[in-house]
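This report describes a protein chain as a whole and then turns to a group of aromatic side chains.

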Amino acid sequence: MRFRTVARSALASALVAAAGLVAAVAPAQAADTSTALQGVKFVKDIAAGNGRLFISASDRIVVADDSGTPVGAITGLVEPHGLAVTPDGSRLYAALNGSNEIAEIDTTALAVTRRFDLAAFPYPAYLSLAGDRLWVGHGPTNSWSGGVVGLDLSATTPEPVRVASGLYGPPMVAAAGSTVVAGENGISPADLYVYDVSTTPATLRGVIDGHTYSLGRLRDITITADGSKAITAFDSPYRYDIWDTASVTRAGAYGEEPTFVGFPHAVALSPDGAHVVGARASRDRIELAGPRIAVYDAATTTKRHTADNPAGQVVEGALTFSGTDAFTVLLEMSTGRYTLWRLRGATLAPSSVSATAPATGTALVPLTVTGRLTLSDGSAPGAQPLVVTRRHPDGTSVTLAPLTTATDGTFSITDTPPIGGTLHYEVLWDGNSAFRWSQATATVEVARQPSTLSLTGPSTANTGR
């Protein structure tokens, strides 16, 4: 019995020490974060500018800061759909599908400054901004009444100029330079129409035929800053195709995988044009086989890193960049809840952390976790702070003492597990201005300390005594 008492005392001391560590060490910054969008319904698009995020919902535009925390809303809007932000971030444009208007919004005051009437071109849904011209994909769903119009924003009262009509729509649009690409929406296979808008009326350069290229339903489209390449997310093929807008031919792809990993649902270019991020989703009870997000080098099409989040399906087309971060919105189909997902440092170079621990251990007996931080360019990381968290079988966790890597990125930390069971040691590097964060986990099966019980009594006794 004495050993048992000692073990309890040691356990209590270990837990007190662990509690002290929790109080002494500040938690690591969140790596990728998820924020619930309370009360939000029917998210259609997301855009970023002026250090803020804008999310179109059923009757408002939700405003969040650049960390993804909601800070307010722009109200008085009827069914905002597509969004577009000026390069300087000062103005936001919203397609108001329910009132047949385009709203111009001051992103500092969060107030509507102008409204453009589109009653003659109803149901505006998709927007793309190129210089002083805003291109609008409009039309009722599931019909051949869709079209594209352009608005000259330098005019006091812009007059809509028709670019295309008779498309299955409302068509998705992507514009840059003298090029506008319109994609049929809600039909499979879907066609892409490429227009030269340097002339009035616009000139149709050519059509990318959905039958010829075996294209499924169009989910999203983006375009390079010079308008020379468009990038699409179709249901099939399961990749992000690159289209040459001059020759109107396929010029390559991002995300070509040897097996099915999910349906492309959104695609976006970083502001500097150096990175492409693609988001996938599952449908019709088909499980998502791969990560929801992948980031590619725009020039080489090489996959740089991936990220996943089980909070829900990626909302079609809801993908944007803010600085080095990427943001998307997820929908949990069973509950209708929306989540804003931030991929911190999405455009930064990758890093990796390895962590190794003994497969087994014993409670109250020290064990050592070792590992290494590696940077993708092969350079020595130098002394970098790491956060090590010990996660317990009951769901609780403890942050261990501060840890710093050696110059070559190696590290070692010794810990005394206070309890038995399956323990996980999670090692996190929070990244820096050049490299994205990374983490690794080592698992240890920890046995309980043995105990003994002895009984001592007389060898004989009398009845009744």
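Predicted model: local features only at pLDDT ≥ 70, side-chain atom pairs only at ≥ 80, totals over all residues.

## An aromatic cluster and its chain

At 28% relative accessibility, F260 counts as partly exposed. Ring pairs join F260 with Y238 and F263 in a cluster. The ring centres of F260 and F263 lie 5.1 Å apart with the planes at 70°, so this pair is edge-to-face, given that angles over 60 degrees count as such.

In all, the structure has 7 aromatic pairs. Another of them is formed by Y238 and F260, whose ring centres are 4.9 Å apart and whose planes stand at 80°, so it is edge-to-face. Y238 sits in the loop between β19 (229–234) and β20 (240–244), while F260 sits in the loop between β21 (249–254) and β22 (263–269), so the pair ties together parts 22 residues apart in sequence.

| Residue | Relative accessibility | Class |
|---|---|---|
| Y238 | 38% | partly exposed |
| F260 | 28% | partly exposed |
| F263 | 12% | buried |

Of the 465 residues in the protein chain, 51% are buried. The accessible surface is about 21100 Å², and carbon and sulfur atoms account for 51% of that surface.

Of the contacts between residues at least 6 apart in sequence, 49% join residues at least 24 apart.

Note on methods
Residues numbered from 1 in each chain as written. Heavy atoms only, no water. Buried < 20%, exposed > 50% of the residue type's maximum accessible area, 1.4 Å probe, protein only. Contact = heavy atoms within 4.5 Å. Areas by Shrake-Rupley, 256 points an atom, 1.4 Å probe, with all protein chains shown as cover. Phe/Tyr/Trp six-rings, centres within 6.5 Å; stacked < 30°, edge-to-face > 60°. Helix = DSSP H or I, 4+ residues; strand = E, 2+ residues; numbered from the N terminus.
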